[in-house]
Amino acid sequence: MGLLDPSQKEVLRFAVNCRILTLVLQALFNLIIPDHHADAFSPPRLAPSGSVDQLVEGLLGGLSRWDAEHFLFIAEHGYLYEHNFAFFPGFPLALRMGTELLRPLQGLLSQRSCLLVSVALLNLLFSVLAAVALHDLGCLVLHCPRQALCAALLFCLSPANVFLAAGYSEALFAFLTFSAMGQLERGRCWASGLLFALAAGVRSNGLVSLGFLLHSQCRGFCSSLAVLSPWKQLLKLMASACLSVLIVSLPFALFQYGAYIQFCSPGSAPSIPEPLLQLAADKGYRLAGENAPPWCSWDLPLIYNYIQDVYWNVGLLRYYELRQVPNFLLATPVTVLVVWATWTYVTTHPWLCLTLGLQRTKDRENLEKPHRGFLSRKVFVYLVHAAALLVFGGSHAFFGLFHSCHVLVSSSPASGARTAAEVCGRRASEGS
(Lines give C-alpha, C1' and ligand atoms only; values in the text may rest on other atoms or scores of the structure.)
Protein backbone atom coordinates (compact mmCIF):
# COMPACT_ATOMS: atom_id res chain seq x y z
CA MET A 1 0.00 0.00 0.00
CA GLY A 2 1.56 3.23 -1.11
CA LEU A 3 1.86 6.43 0.84
CA LEU A 4 -0.42 8.15 -1.66
CA ASP A 5 -3.34 5.88 -0.87
CA PRO A 6 -6.27 8.17 0.06
CA SER A 7 -7.29 6.23 3.18
CA GLN A 8 -3.70 6.12 4.42
CA LYS A 9 -3.37 9.86 3.87
CA GLU A 10 -6.55 10.34 5.89
CA VAL A 11 -5.14 8.27 8.75
CA LEU A 12 -1.90 10.21 8.62
CA ARG A 13 -3.66 13.57 8.70
CA PHE A 14 -6.06 12.53 11.46
CA ALA A 15 -3.27 11.07 13.62
CA VAL A 16 -1.14 14.21 13.32
CA ASN A 17 -4.08 16.42 14.28
CA CYS A 18 -4.90 14.24 17.29
CA ARG A 19 -1.32 14.26 18.54
CA ILE A 20 -0.98 18.03 18.14
CA LEU A 21 -4.28 18.54 19.95
CA THR A 22 -3.07 16.27 22.77
CA LEU A 23 0.12 18.29 23.17
CA VAL A 24 -1.82 21.55 23.22
CA LEU A 25 -4.28 20.26 25.82
CA GLN A 26 -1.57 18.87 28.09
CA ALA A 27 0.27 22.21 27.96
CA LEU A 28 -2.93 24.05 28.81
CA PHE A 29 -3.89 21.81 31.71
CA ASN A 30 -0.31 21.68 32.93
CA LEU A 31 -0.44 25.46 33.33
CA ILE A 32 -3.87 25.82 34.94
CA ILE A 33 -4.17 22.66 37.08
CA PRO A 34 -1.74 22.08 39.98
CA ASP A 35 0.12 18.78 40.00
CA HIS A 36 -0.76 15.97 42.37
CA HIS A 37 2.03 15.73 44.93
CA ALA A 38 2.61 11.99 44.95
CA ASP A 39 5.66 10.37 46.49
CA ALA A 40 6.79 9.21 43.06
CA PHE A 41 10.28 9.02 41.63
CA SER A 42 11.49 12.61 41.30
CA PRO A 43 15.25 12.99 40.89
CA PRO A 44 16.92 16.35 41.52
CA ARG A 45 17.85 18.61 38.64
CA LEU A 46 21.64 18.86 38.41
CA ALA A 47 21.85 21.73 35.94
CA PRO A 48 20.46 25.22 36.56
CA SER A 49 17.42 26.15 34.49
CA GLY A 50 17.14 29.39 32.56
CA SER A 51 14.10 31.23 31.33
CA VAL A 52 13.88 29.13 28.16
CA ASP A 53 14.09 25.95 30.24
CA GLN A 54 11.24 27.17 32.42
CA LEU A 55 9.17 27.85 29.30
CA VAL A 56 9.83 24.32 28.00
CA GLU A 57 8.96 22.87 31.41
CA GLY A 58 5.71 24.83 31.46
CA LEU A 59 4.72 23.71 27.97
CA LEU A 60 5.95 20.10 28.03
CA GLY A 61 6.37 19.28 31.71
CA GLY A 62 3.12 17.35 31.71
CA LEU A 63 4.84 14.71 29.57
CA SER A 64 7.33 13.87 32.31
CA ARG A 65 5.09 12.61 35.12
CA TRP A 66 5.14 9.22 36.83
CA ASP A 67 7.04 6.55 34.87
CA ALA A 68 8.18 9.14 32.34
CA GLU A 69 10.58 10.42 35.02
CA HIS A 70 12.32 7.05 34.95
CA PHE A 71 12.76 7.10 31.18
CA LEU A 72 14.07 10.67 31.25
CA PHE A 73 16.43 9.86 34.11
CA ILE A 74 17.81 6.78 32.33
CA ALA A 75 18.28 8.73 29.10
CA GLU A 76 20.22 11.40 30.99
CA HIS A 77 22.18 9.41 33.59
CA GLY A 78 21.95 5.76 32.59
CA TYR A 79 20.95 2.86 34.84
CA LEU A 80 22.26 4.06 38.20
CA TYR A 81 19.65 2.69 40.58
CA GLU A 82 18.55 -0.91 40.81
CA HIS A 83 14.88 -0.17 40.21
CA ASN A 84 15.72 1.65 36.95
CA PHE A 85 16.07 -1.80 35.37
CA ALA A 86 12.30 -2.19 35.36
CA PHE A 87 12.37 0.07 32.28
CA PHE A 88 13.87 -1.35 29.12
CA PRO A 89 16.51 0.59 27.17
CA GLY A 90 14.86 0.96 23.76
CA PHE A 91 12.99 4.19 24.46
CA PRO A 92 15.79 5.88 26.49
CA LEU A 93 18.18 5.13 23.62
CA ALA A 94 15.75 6.77 21.21
CA LEU A 95 15.61 9.82 23.49
CA ARG A 96 19.41 10.02 23.57
CA MET A 97 19.47 9.95 19.79
CA GLY A 98 16.83 12.67 19.73
CA THR A 99 18.89 14.91 22.00
CA GLU A 100 21.88 14.42 19.71
CA LEU A 101 19.83 15.81 16.85
CA LEU A 102 19.05 18.81 19.08
CA ARG A 103 22.73 19.43 19.81
CA PRO A 104 22.64 22.94 18.21
CA LEU A 105 20.10 23.92 20.91
CA GLN A 106 22.08 22.55 23.86
CA GLY A 107 23.71 25.90 24.44
CA LEU A 108 20.25 27.39 24.89
CA LEU A 109 18.51 24.46 26.61
CA SER A 110 19.52 22.21 29.47
CA GLN A 111 19.80 18.45 28.99
CA ARG A 112 16.39 17.89 30.56
CA SER A 113 14.74 20.46 28.29
CA CYS A 114 16.28 18.77 25.25
CA LEU A 115 14.91 15.46 26.51
CA LEU A 116 11.43 16.93 26.92
CA VAL A 117 11.51 18.28 23.38
CA SER A 118 12.70 14.87 22.18
CA VAL A 119 9.82 13.19 24.02
CA ALA A 120 7.27 15.46 22.38
CA LEU A 121 8.69 15.13 18.85
CA LEU A 122 9.59 11.44 18.90
CA ASN A 123 6.34 10.24 20.45
CA LEU A 124 4.40 12.38 18.01
CA LEU A 125 6.31 10.67 15.20
CA PHE A 126 6.08 7.15 16.66
CA SER A 127 2.37 7.41 17.48
CA VAL A 128 1.52 8.69 13.98
CA LEU A 129 3.58 5.92 12.39
CA ALA A 130 1.87 3.41 14.70
CA ALA A 131 -1.54 4.55 13.46
CA VAL A 132 -0.42 4.21 9.83
CA ALA A 133 1.08 0.77 10.53
CA LEU A 134 -2.14 -0.34 12.24
CA HIS A 135 -4.17 0.77 9.23
CA ASP A 136 -1.85 -1.15 6.94
CA LEU A 137 -2.12 -4.23 9.16
CA GLY A 138 -5.90 -3.93 9.22
CA CYS A 139 -6.06 -3.90 5.42
CA LEU A 140 -3.94 -7.07 5.30
CA VAL A 141 -5.86 -8.97 7.98
CA LEU A 142 -9.44 -7.78 7.66
CA HIS A 143 -9.67 -7.43 3.86
CA CYS A 144 -12.10 -4.63 4.59
CA PRO A 145 -10.69 -1.14 4.02
CA ARG A 146 -13.54 0.54 5.88
CA GLN A 147 -12.98 -1.46 9.08
CA ALA A 148 -9.22 -0.96 8.80
CA LEU A 149 -9.74 2.78 8.56
CA CYS A 150 -12.13 2.83 11.52
CA ALA A 151 -9.67 0.81 13.63
CA ALA A 152 -6.84 3.25 12.91
CA LEU A 153 -8.99 6.29 13.67
CA LEU A 154 -10.25 4.74 16.92
CA PHE A 155 -6.65 4.01 17.87
CA CYS A 156 -5.94 7.73 17.58
CA LEU A 157 -8.98 8.59 19.73
CA SER A 158 -8.37 5.97 22.41
CA PRO A 159 -8.40 7.21 26.04
CA ALA A 160 -4.93 5.69 26.26
CA ASN A 161 -3.86 8.31 23.73
CA VAL A 162 -2.25 10.26 26.57
CA PHE A 163 0.33 7.49 27.03
CA LEU A 164 1.26 7.75 23.37
CA ALA A 165 2.13 11.43 23.86
CA ALA A 166 3.76 11.31 27.32
CA GLY A 167 7.32 10.18 27.98
CA TYR A 168 6.35 6.52 27.95
CA SER A 169 7.52 3.76 25.63
CA GLU A 170 4.03 2.82 24.36
CA ALA A 171 4.20 4.76 21.10
CA LEU A 172 7.52 3.25 20.01
CA PHE A 173 6.41 -0.20 21.12
CA ALA A 174 3.12 0.05 19.21
CA PHE A 175 4.88 1.21 16.05
CA LEU A 176 7.41 -1.64 16.13
CA THR A 177 4.82 -4.27 17.01
CA PHE A 178 2.27 -3.25 14.37
CA SER A 179 5.05 -3.03 11.78
CA ALA A 180 6.31 -6.50 12.72
CA MET A 181 2.80 -7.93 12.40
CA GLY A 182 2.43 -6.32 8.99
CA GLN A 183 5.71 -7.80 7.78
CA LEU A 184 4.65 -11.22 9.05
CA GLU A 185 1.36 -11.00 7.17
CA ARG A 186 3.38 -10.33 4.02
CA GLY A 187 5.46 -13.45 4.65
CA ARG A 188 8.63 -11.55 5.53
CA CYS A 189 9.54 -13.58 8.60
CA TRP A 190 13.08 -12.26 9.00
CA ALA A 191 12.03 -8.63 8.93
CA SER A 192 9.16 -9.43 11.30
CA GLY A 193 11.47 -11.23 13.73
CA LEU A 194 13.88 -8.30 13.79
CA LEU A 195 11.08 -5.82 14.49
CA PHE A 196 9.63 -8.06 17.22
CA ALA A 197 13.12 -8.24 18.78
CA LEU A 198 13.40 -4.45 18.74
CA ALA A 199 9.96 -4.25 20.37
CA ALA A 200 11.13 -6.67 23.08
CA GLY A 201 13.97 -4.26 23.77
CA VAL A 202 11.41 -1.51 24.38
CA ARG A 203 8.97 -3.33 26.65
CA SER A 204 9.17 -6.71 28.38
CA ASN A 205 5.75 -7.80 27.09
CA GLY A 206 7.25 -7.75 23.61
CA LEU A 207 8.26 -11.33 24.40
CA VAL A 208 4.59 -12.32 24.10
CA SER A 209 4.74 -11.39 20.40
CA LEU A 210 6.90 -14.45 19.90
CA GLY A 211 3.62 -16.37 19.67
CA PHE A 212 2.82 -14.71 16.34
CA LEU A 213 6.04 -15.99 14.80
CA LEU A 214 5.60 -19.51 16.19
CA HIS A 215 1.98 -19.70 15.04
CA SER A 216 2.94 -18.56 11.54
CA GLN A 217 5.66 -21.22 11.38
CA CYS A 218 3.29 -23.94 12.62
CA ARG A 219 0.70 -22.89 10.04
CA GLY A 220 3.29 -23.16 7.29
CA PHE A 221 4.32 -26.58 8.57
CA CYS A 222 0.75 -27.90 8.52
CA SER A 223 0.09 -26.58 5.02
CA SER A 224 3.23 -28.24 3.62
CA LEU A 225 2.65 -31.71 5.05
CA ALA A 226 0.63 -32.86 2.05
CA VAL A 227 3.36 -32.18 -0.50
CA LEU A 228 6.69 -32.43 1.33
CA SER A 229 8.47 -34.87 3.61
CA PRO A 230 7.04 -34.49 7.13
CA TRP A 231 10.36 -35.24 8.85
CA LYS A 232 12.22 -32.69 6.81
CA GLN A 233 9.52 -30.09 7.50
CA LEU A 234 9.53 -30.95 11.20
CA LEU A 235 13.26 -30.35 11.44
CA LYS A 236 12.84 -27.09 9.58
CA LEU A 237 10.04 -26.06 11.96
CA MET A 238 12.13 -26.87 15.04
CA ALA A 239 15.11 -24.95 13.69
CA SER A 240 13.07 -21.88 12.74
CA ALA A 241 11.21 -21.94 16.08
CA CYS A 242 14.45 -22.09 18.06
CA LEU A 243 15.93 -19.29 15.98
CA SER A 244 12.82 -17.15 16.51
CA VAL A 245 12.96 -17.66 20.27
CA LEU A 246 16.65 -16.76 20.26
CA ILE A 247 16.22 -13.59 18.20
CA VAL A 248 13.20 -12.20 20.05
CA SER A 249 14.54 -13.11 23.51
CA LEU A 250 18.05 -11.80 22.89
CA PRO A 251 17.37 -8.14 23.91
CA PHE A 252 15.76 -9.28 27.18
CA ALA A 253 18.63 -11.67 27.92
CA LEU A 254 21.30 -9.06 27.17
CA PHE A 255 19.54 -6.52 29.37
CA GLN A 256 19.37 -8.96 32.28
CA TYR A 257 23.02 -9.89 31.77
CA GLY A 258 24.05 -6.22 31.84
CA ALA A 259 22.25 -5.78 35.16
CA TYR A 260 23.97 -8.87 36.55
CA ILE A 261 27.39 -7.55 35.54
CA GLN A 262 26.65 -4.17 37.10
CA PHE A 263 25.28 -5.34 40.45
CA CYS A 264 26.59 -8.87 40.98
CA SER A 265 30.14 -8.78 39.62
CA PRO A 266 32.97 -7.20 41.59
CA GLY A 267 34.25 -4.00 40.07
CA SER A 268 34.55 -0.29 40.55
CA ALA A 269 31.30 1.62 41.09
CA PRO A 270 30.48 4.30 38.52
CA SER A 271 31.00 7.94 39.39
CA ILE A 272 27.69 9.36 40.60
CA PRO A 273 26.96 13.03 41.35
CA GLU A 274 26.46 13.84 45.02
CA PRO A 275 22.75 14.86 44.72
CA LEU A 276 21.93 11.49 43.19
CA LEU A 277 23.89 9.70 45.92
CA GLN A 278 21.92 11.63 48.51
CA LEU A 279 18.65 10.67 46.80
CA ALA A 280 19.65 7.01 46.98
CA ALA A 281 20.43 7.37 50.68
CA ASP A 282 17.16 9.16 51.42
CA LYS A 283 14.95 6.77 49.46
CA GLY A 284 16.84 3.54 50.00
CA TYR A 285 17.68 3.00 46.34
CA ARG A 286 20.35 0.36 45.78
CA LEU A 287 23.45 1.39 43.82
CA ALA A 288 26.06 -0.74 42.08
CA GLY A 289 29.09 -1.48 44.23
CA GLU A 290 27.08 -2.02 47.41
CA ASN A 291 26.29 -5.41 48.91
CA ALA A 292 25.12 -7.88 46.28
CA PRO A 293 21.30 -7.97 46.13
CA PRO A 294 19.43 -11.22 46.86
CA TRP A 295 18.58 -11.92 43.23
CA CYS A 296 22.27 -12.37 42.40
CA SER A 297 22.22 -15.74 44.19
CA TRP A 298 19.13 -17.07 42.41
CA ASP A 299 19.46 -20.06 40.09
CA LEU A 300 18.16 -17.78 37.33
CA PRO A 301 19.22 -14.27 38.41
CA LEU A 302 16.63 -12.05 36.73
CA ILE A 303 16.60 -8.51 38.06
CA TYR A 304 13.31 -7.77 36.29
CA ASN A 305 11.35 -10.30 38.36
CA TYR A 306 12.99 -9.07 41.55
CA ILE A 307 12.15 -5.41 40.89
CA GLN A 308 8.54 -6.19 40.01
CA ASP A 309 8.26 -8.17 43.24
CA VAL A 310 10.06 -5.89 45.71
CA TYR A 311 9.66 -2.37 44.35
CA TRP A 312 6.25 -2.57 42.68
CA ASN A 313 4.68 -5.45 44.61
CA VAL A 314 3.61 -7.16 41.39
CA GLY A 315 2.48 -10.73 41.87
CA LEU A 316 -0.56 -12.95 42.24
CA LEU A 317 -2.80 -11.82 45.13
CA ARG A 318 -0.71 -8.76 45.88
CA TYR A 319 -0.65 -5.98 43.31
CA TYR A 320 -4.38 -5.68 42.71
CA GLU A 321 -5.98 -4.40 45.88
CA LEU A 322 -9.31 -3.05 47.04
CA ARG A 323 -8.26 0.50 46.27
CA GLN A 324 -7.89 -0.53 42.61
CA VAL A 325 -11.67 -0.97 42.17
CA PRO A 326 -11.94 2.29 40.13
CA ASN A 327 -9.30 0.93 37.77
CA PHE A 328 -11.26 -2.30 37.43
CA LEU A 329 -14.32 -0.27 36.48
CA LEU A 330 -12.28 1.62 33.89
CA ALA A 331 -11.24 -1.71 32.38
CA THR A 332 -14.81 -3.02 32.23
CA PRO A 333 -15.68 -1.72 28.72
CA VAL A 334 -12.60 -3.31 27.16
CA THR A 335 -13.19 -6.52 29.12
CA VAL A 336 -16.77 -6.78 27.89
CA LEU A 337 -15.66 -6.02 24.33
CA VAL A 338 -12.98 -8.73 24.30
CA VAL A 339 -15.32 -11.32 25.85
CA TRP A 340 -18.04 -10.50 23.31
CA ALA A 341 -15.56 -10.61 20.42
CA THR A 342 -14.15 -13.95 21.57
CA TRP A 343 -17.60 -15.52 21.92
CA THR A 344 -18.73 -14.21 18.55
CA TYR A 345 -15.62 -15.46 16.79
CA VAL A 346 -15.61 -18.89 18.45
CA THR A 347 -19.28 -19.53 17.68
CA THR A 348 -18.74 -18.46 14.07
CA HIS A 349 -15.55 -20.50 13.52
CA PRO A 350 -15.70 -23.46 15.94
CA TRP A 351 -13.58 -25.78 13.77
CA LEU A 352 -11.00 -23.08 13.12
CA CYS A 353 -10.65 -22.45 16.85
CA LEU A 354 -10.51 -26.16 17.73
CA THR A 355 -7.62 -26.62 15.27
CA LEU A 356 -5.91 -23.47 16.59
CA GLY A 357 -6.17 -21.82 13.19
CA LEU A 358 -3.71 -24.29 11.67
CA GLN A 359 -5.92 -26.32 9.34
CA ARG A 360 -9.48 -27.36 8.55
CA THR A 361 -11.11 -30.28 6.73
CA LYS A 362 -11.88 -30.10 3.02
CA ASP A 363 -15.61 -30.54 3.62
CA ARG A 364 -15.83 -27.62 5.97
CA GLU A 365 -13.61 -25.58 3.70
CA ASN A 366 -16.10 -26.06 0.90
CA LEU A 367 -19.08 -25.30 3.13
CA GLU A 368 -17.71 -22.18 4.78
CA LYS A 369 -17.88 -18.91 2.95
CA PRO A 370 -14.86 -16.65 3.25
CA HIS A 371 -15.46 -13.91 5.81
CA ARG A 372 -14.23 -10.38 5.65
CA GLY A 373 -13.66 -7.92 8.45
CA PHE A 374 -13.52 -9.07 12.06
CA LEU A 375 -14.65 -12.62 11.20
CA SER A 376 -11.75 -13.16 8.80
CA ARG A 377 -9.72 -16.31 9.43
CA LYS A 378 -6.59 -14.22 9.85
CA VAL A 379 -8.05 -12.52 12.93
CA PHE A 380 -7.77 -15.74 14.97
CA VAL A 381 -4.23 -15.29 16.27
CA TYR A 382 -4.84 -11.64 17.17
CA LEU A 383 -7.99 -12.55 19.08
CA VAL A 384 -6.11 -15.25 20.98
CA HIS A 385 -3.50 -12.67 21.89
CA ALA A 386 -6.14 -10.28 23.24
CA ALA A 387 -8.01 -13.01 25.12
CA ALA A 388 -4.81 -14.37 26.68
CA LEU A 389 -3.86 -10.92 27.96
CA LEU A 390 -7.37 -10.48 29.37
CA VAL A 391 -7.28 -13.85 31.15
CA PHE A 392 -3.82 -13.20 32.55
CA GLY A 393 -4.69 -9.73 33.82
CA GLY A 394 -8.17 -10.71 34.95
CA SER A 395 -6.97 -13.66 37.02
CA HIS A 396 -4.55 -11.41 38.88
CA ALA A 397 -7.26 -8.80 39.39
CA PHE A 398 -9.94 -11.21 40.57
CA PHE A 399 -7.82 -13.15 43.04
CA GLY A 400 -6.09 -9.99 44.25
CA LEU A 401 -9.42 -8.26 44.89
CA PHE A 402 -10.79 -11.34 46.68
CA HIS A 403 -7.68 -11.52 48.84
CA SER A 404 -7.92 -7.82 49.80
CA CYS A 405 -11.63 -8.11 50.68
CA HIS A 406 -10.97 -11.23 52.73
CA VAL A 407 -8.23 -9.50 54.71
CA LEU A 408 -10.38 -6.46 55.44
CA VAL A 409 -13.56 -8.38 56.34
CA SER A 410 -11.85 -10.98 58.52
CA SER A 411 -10.07 -8.36 60.62
CA SER A 412 -11.49 -6.96 63.84
CA PRO A 413 -12.82 -3.35 63.67
CA ALA A 414 -9.67 -1.92 65.18
CA SER A 415 -7.25 -4.04 63.21
CA GLY A 416 -9.43 -3.70 60.11
CA ALA A 417 -8.87 0.03 59.94
CA ARG A 418 -5.18 -0.50 60.39
CA THR A 419 -5.11 -3.22 57.73
CA ALA A 420 -7.01 -1.02 55.29
CA ALA A 421 -4.49 1.75 55.80
CA GLU A 422 -1.65 -0.70 55.20
CA VAL A 423 -3.31 -2.05 52.04
CA CYS A 424 -3.91 1.44 50.66
CA GLY A 425 -0.43 2.67 51.55
CA ARG A 426 1.70 -0.32 50.61
CA ARG A 427 4.64 0.56 48.44
CA ALA A 428 3.57 4.22 48.38
CA SER A 429 7.12 5.18 49.12
CA GLU A 430 8.10 3.78 45.73
CA GLY A 431 5.46 5.95 44.06
CA SER A 432 4.53 3.59 41.26
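The unreviewed UniProt entry lists residues 115–137, 149–178, 190–214, 234–255, 337–358 and 379–402 as "transmembrane region". Two of these spans were examined in the structure, which is a predicted model. The end C-alpha atoms of residues 234–255 lie 32 Å apart, and this span is 100% helix and 0% strand.

Two packed helices are described by the angle between their axes and the distance between the axes. Helix α1 comprises residues 6–32 and helix α5 residues 111–142; their axes come within 9 Å and cross at roughly 150 degrees. Angles over 145 degrees count as roughly antiparallel, and α1 and α5 are therefore roughly antiparallel to each other. Their crossing is right-handed. On the α1 side, the contact is made by S7, Q8, V11, L12, A15, V16, R19, I20 and L23, which meet A120, L124, S127, V128, A131, V132 and H135 of α5. Sorted by class, this contact contains 11 nonpolar, 4 polar and 1 charged residues.

Helix α1 also packs against helix α6 (residues 145–157), with axes that come within 9 Å and cross at roughly 10 degrees. Since angles under 35 degrees count as roughly parallel, α1 and α6 are roughly parallel to each other. From α1, the residues in contact are S7, E10, V11, F14, A15, C18 and R19, while α6 contributes L149, A152, L153, F155, C156 and L157. The contact of α1 with α6 has 10 nonpolar, 1 polar and 2 charged residues.

A further contact of α5 is with helix α4 (residues 90–101). The axes of α4 and α5 come within 8 Å, crossing at roughly 110 degrees. Angles of 65 to 115 degrees count as roughly perpendicular, so α4 and α5 are roughly perpendicular to each other. The crossing of α4 with α5 is right-handed. In α4, residues F91, A94, L95, G98 and T99 take part, and they meet Q111, C114, L115, S118, V119, L122, N123 and F126 in α5. The residues of the α4 contact with α5 divide into 8 nonpolar and 5 polar, with no charged residues.

The disulfide count comes to 1. This bond joins C264 to C296, with an S to S distance of 1.8 Å. The torsion about the S-S bond of C264 and C296 is about -75 degrees, so the disulfide is left-handed. C264 lies in helix α11 (residues 230–264), whereas C296 lies in the loop between α12 (274–283) and α13 (303–310); the pair therefore ties together parts that are 32 residues apart in sequence.

Technical notes
Residues are numbered from 1 along each chain as its sequence is written. This is a predicted model: local features need pLDDT of at least 70, side-chain atom pairs count only at pLDDT 80 or more; totals for chains, interfaces and linings use all residues. Side-chain values use heavy atoms; hydrogens and water are left out. Axes are lines fitted to C-alpha atoms, for helices over the stretch in contact, and angles run from 0 to 180 degrees between N-to-C directions. Helices (H or I, at least four residues) and strands (E, at least two) are DSSP runs, numbered from the N terminus. A crossing is left-handed if the near helix is turned anticlockwise from the far one by less than a right angle, and right-handed if clockwise. Contact means heavy atoms within 4.5 Å. Ala, Val, Leu, Ile, Met, Phe, Trp, Tyr, Cys and Pro count as nonpolar, Asp, Glu, Lys and Arg as charged, and the others, Gly among them, as polar. UniProt positions are given in the numbering used here, feature names are shortened, and annotations may be inferred rather than shown by experiment. A disulfide is a pair of cysteine sulfur atoms within 2.5 Å.
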